[in-house]
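Please study the sequence and the structure first, and then work through each solution in order.

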Amino acid sequence: MPPVDKPLFLTPEELAGALRVSPETVRRWLRTGEVKGHRVGRLWRVPWEEGVRLLGGEERLEEALREVQR
C-alpha cells in the first residue's frame, strides 16, 4: 500500500501526462482492458500499482508525475 503522500488512484489525465499520451488514449486502453482501472460513475480511476507497472517502477512514476506538474 502506498504511503499517505501518494494517491491510491490516478486520473486518466495524470497517467496520460506521465506516459506522454493523450487522456483519450488512456481511456481507450481502460475500455479495452489494456490498462486496469475502475469506473466511478462516468469517471475512470487507475490504481497506483497499475501506473507503477506501466512506467516500470515507482520511482519512474513519481518522477514522471513531478515533471507533469512543472
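**Exercise 1. Determine how exposed Glu58 is, and which salt bridge its side chain forms.**

Step 1. Glu58 has a relative accessible area of 27% and is therefore partly exposed; buried means under 20% relative accessible area, exposed over 50%, and partly exposed in between (1.4 Å probe, protein chains only). The model is a predicted one, in which local features need pLDDT of at least 70 and side-chain atom pairs count only at pLDDT 80 or more, while totals for chains, interfaces and linings use all residues. Residues are numbered from 1 along each chain as its sequence is written, and side-chain values use heavy atoms, with hydrogens and water left out.

Step 2. A salt bridge is a side-chain nitrogen of Lys or Arg within 4 Å of a carboxyl oxygen of Asp or Glu. The side chain of Glu58 forms one with that of Lys6, at 2.4 Å from N to O.

Step 3. Because Lys6 lies in the segment before S1 and Glu58 in helix H4, the pair ties together parts that are 52 residues apart in sequence. Helices (H or I, at least four residues) and strands (E, at least two) are DSSP runs, numbered from the N terminus.

Step 4. Lys6 also meets Glu62 in a salt bridge of 2.6 Å, N to O. Here, too, distant parts of the chain are linked, with Glu62 in helix H4 and Lys6 in the segment before S1, 56 residues apart.

**Exercise 2. State how far apart in helix H4 Arg66 and Glu63 are.**

Step 1. The closest N and O atoms of the salt bridge between Arg66 and Glu63 are 2.9 Å apart.

Step 2. The two residues are three residues apart in helix H4, so about one helical turn separates Arg66 from Glu63. An α-helix has 3.6 residues a turn, so residues three or four places apart point the same way.

Step 3. Arg66 is partly exposed at 39% relative accessibility, and Glu63 is partly exposed at 33%.

Step 4. In the whole structure, a search finds eight salt bridges. Glu13, Glu24, Arg27 and Arg31 are linked in a network of them.

**Exercise 3. Describe how helix H1 meets helix H4.**

Step 1. The axes of H1 (residues 12-19) and H4 (residues 58-69) come within 8 Å and cross at roughly 100 degrees. Axes are lines fitted to C-alpha atoms, for helices over the stretch in contact, and angles run from 0 to 180 degrees between N-to-C directions.

Step 2. H1 is therefore roughly perpendicular to H4, a term for angles of 65 to 115 degrees.

Step 3. On the H1 side, Glu14, Gly17 and Ala18 meet Leu61, Ala64, Leu65 and Val68 of H4; contact means heavy atoms within 4.5 Å.

**Exercise 4. Is Leu61 buried or exposed, and which residues is Leu61 in contact with?**

Step 1. Leu61 is found in helix H4 and, at 0% relative accessibility, counts as buried.

Step 2. Leaving aside neighbours within four places in sequence, Leu61 is in contact with Leu10, Ala18, Trp48, Gly51, Val52 and Leu55.

Key: Angles under 35 degrees count as roughly parallel, over 145 as roughly antiparallel, 65 to 115 as roughly perpendicular and the rest as oblique.
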